[in-house]
Amino acid sequence: MFGLTFEKLFLVAIVAGLVIGPQRLPIYTRRLAELIRSFRSLIDTSKARAELEALDVRQYDPRRIVREALTEPAAALPADEAIEADLEEQASRVRPGQKYLVSGGSAHPRRILIESLPADDPRRVAAYVPSLAADDETELLLAEVNRLLEESALP
C-alpha cells in the first residue's frame, strides 16, 4: 500500500523515535492506536448503517402488502385487447386439423380439446379443415388418384 515496505516503515519508526524522544514515544503510539481504532469503528458503523438503510423491513409488512394489492388500480389487470392479442398469437401456432391445444408451462402442460372451444374462437377457426364437397371435382379426382396409387402399391 503506497509502496511502503518493511524497511521504509522501520526507518520511519527510528526517525519518529529520535524526533519524539524515548519518553513521549509510548504516549504517541497509544494515541495513534486509539485514532486507528476510532477510524475503524467509524467505517464499520457507517457500513452497517448503509446496509440497514438498504434493507427496508417495512416492505415485508403483510398489512401494507394487502393494502397495496386491494388499492391497485383496475388498469393493471389485463385488458380485453391483450387477451384478444394472446388468443390470436396462440391461433397462429395452431395447424389445420390439430385436435388438441397445449397450454400451460412445460412442467404442467394442459391439453384442451379444440372442439370444446367456442365456435368463434380464433384457435378453433385456425384448426378447422373443410370437408370435401361432393361437387368439387378436383378434390374428388385427387382423392381417387391417391386411392388408386395406394392400391397399386399394395402387393
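Predicted model: local features only at pLDDT ≥ 70, side-chain atom pairs only at ≥ 80, totals over all residues.

Modeller: Residues are numbered from 1 along each chain as its sequence is written, and side-chain values use heavy atoms, with hydrogens and water left out.

Biologist: Why is L11 called exposed?

Modeller: L11 has a relative accessibility of 55% and therefore counts as exposed, since the word applies over 50%, with buried meaning under 20% and partly exposed the range in between, for a 1.4 Å probe and protein chains only. L11 sits in helix α1, residues 6–20, where a helix is a DSSP run of H or I with at least four residues, a strand is a run of E with at least two, and numbering starts from the N terminus.

Biologist: What makes L9 and T5 partly exposed?

Modeller: L9, also in α1, has 47% relative accessibility and so counts as partly exposed. T5, in the segment before α1, is likewise partly exposed because its relative accessible area is 35%.

Biologist: How do you know what span is expected of α4?

Modeller: The expected span is 1.5 Å times one less than the number of residues. Helix α4 (residues 80–92) has 13 residues and reaches 18 Å from its first C-alpha to its last, close to the expected 18 Å. For α1, with 15 residues, the reach is 21 Å, close to the 21 Å expected.

Biologist: Which residues of α4 are buried, and why are they assigned to the same side?

Modeller: The buried residues of α4 are L87, Q90 and A91. They cover an arc of only 100 degrees around the axis, which puts them on the same side of α4; the arc is that of the directions from the helix axis to the C-beta atoms. Among the elements covering these buried residues are β1 (100–103) and α5 (122–127), contact meaning heavy atoms within 4.5 Å. The face of α4 turned away from its buried side carries the exposed residues E81 and S92.

Biologist: What is the class make-up of the lining of the largest pocket?

Modeller: That lining has six nonpolar, two polar and three charged residues, where Ala, Val, Leu, Ile, Met, Phe, Trp, Tyr, Cys and Pro count as nonpolar, Asp, Glu, Lys and Arg as charged, and the others, Gly among them, as polar. Lining residues, which have an atom within 4 Å of a point of the pocket, include G97, K99, I114 and Y128.

Terms used: 1 Å grid on protein atoms, 1.4 Å probe; cavity = no way out; pocket = protein on both sides within 12 Å on 5 of 7 lines; lining within 4 Å.
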